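Here are some friendly notes to read beside the model. Take the points in order, and find each residue in the viewer as you go.

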Amino acid sequence: NSGYKIGNDSKSCDDVNECETEGVCSQACVNTEGSYECECYKGYESRGRNTFVLTMMDHMNVHATLDMRLGMMASPVMILTRCIDINECTTLSSDETCGPHVCRNYAGSFYCLCMLGYTYGQNIQTCIDLNECLTNNGECEHSCTNNDGSYECSCNPGYEIGNDGKSCDDLNEC
């Protein structure tokens with residue numbers, strides 16, 4: 001049977017690890033007793049199995065390769081699993097991706113483009129508030145209050161916020 005080879009004792013059959021043959025699967029290969037299964041990496045999904053009937057020349061090439069490497073007969077029909085990229089930006093909810101930020105898909109994963117006032121969290125797939133007040137008091141002359149995605153400058157009593165939104169102008173109470 002395909003998937004087995006004659007054992008060293010010439011009487012028993014040993015499982016062939018088809019996964020040791022380069023190109024058996026497009027991504028991940030899992031050897032099973034007498035066979036194998038192709039799996040897709042995280043960020044990819046299987047789009048069914050495609051059956052290919054090999055031409056006589058292809059069959060001879062595959063047979064020779066498998067026969068030399070594994071000591072087994074190759075079938076003239078090969079079943080391959082096709083893995084395609086999952087577009088997480090369209091298939092997952094915004095809570096599972098970037099929230100209100102811009103989501104960009106790439107092969108096998110996605111990343112976020114954080115809006116102004118946000119920065120990356122633990123990785124490029126999360127955006128967290130950037131606390132502008134931690135850097136030079138947000139350039140506020142007196143007080144800085146961090147808000148989600150922004151910040152606000154305020155002034156001590158007797159002062160009002162200047163036209164630039166950061167400086168404080170003395171109120172002439174007299």
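1. Let us begin with a term: two strands pair if DSSP finds at least two bridges between them. Strands (E, at least two residues) and helices (H or I, at least four) are DSSP runs, numbered from the N terminus. Strand β3 (residues 28–32) and strand β4 (residues 35–39) run antiparallel and are joined by 5 bridges. In this pairing, Ala28 stands opposite Glu39 of β4. The hairpin of β3 and β4 has 2 residues between the strands, and Gly34 takes a positive phi near 80 degrees there.

2. A word on the source: this is a predicted model, where local features need pLDDT of at least 70, side-chain atom pairs count only at pLDDT 80 or more, and totals for chains, interfaces and linings use all residues. Residues are numbered from 1 along each chain as its sequence is written, and side-chain values use heavy atoms, with hydrogens and water left out.

3. Now the whole chain. It holds 2 helices and 14 strands. Of its 174 residues, 24% count as buried (under 20% relative accessible area; exposed is over 50%, partly exposed in between, with a 1.4 Å probe and protein chains only).

4. Next, look at Ser109, in strand β8 (residues 109–113). Is Ser109 buried or exposed? Ser109 is buried, because its relative accessible area is 14%. The side chains of Ser109 and Gln125 are joined by a polar contact of 2.6 Å (a pair of N or O atoms within 3.5 Å; within protein, one must be able to donate a hydrogen and the other to accept it, and residues adjacent in sequence count only if both atoms are side-chain atoms). Leaving aside neighbours within four places in sequence, Ser109 is in contact with Asp85, Glu88 and Gln125 (contact means heavy atoms within 4.5 Å).

5. Cys144 lies in strand β11 (residues 143–147). Cys144 counts as buried because its relative accessible area is 17%. Beyond neighbours within four places in sequence, Cys144 is in contact with Cys133, Asn137, Gly138, Tyr151 and Glu152. Asn131 is 13 residues from Cys144 along the chain, and their C-alpha atoms are separated by 9.9 Å.

6. Finally, which strand holds Val102? Val102 is found in strand β7 (residues 102–106). With a relative accessible area of 35%, Val102 is partly exposed. As a general point, side chains in a regular strand alternate between the two faces of the sheet.
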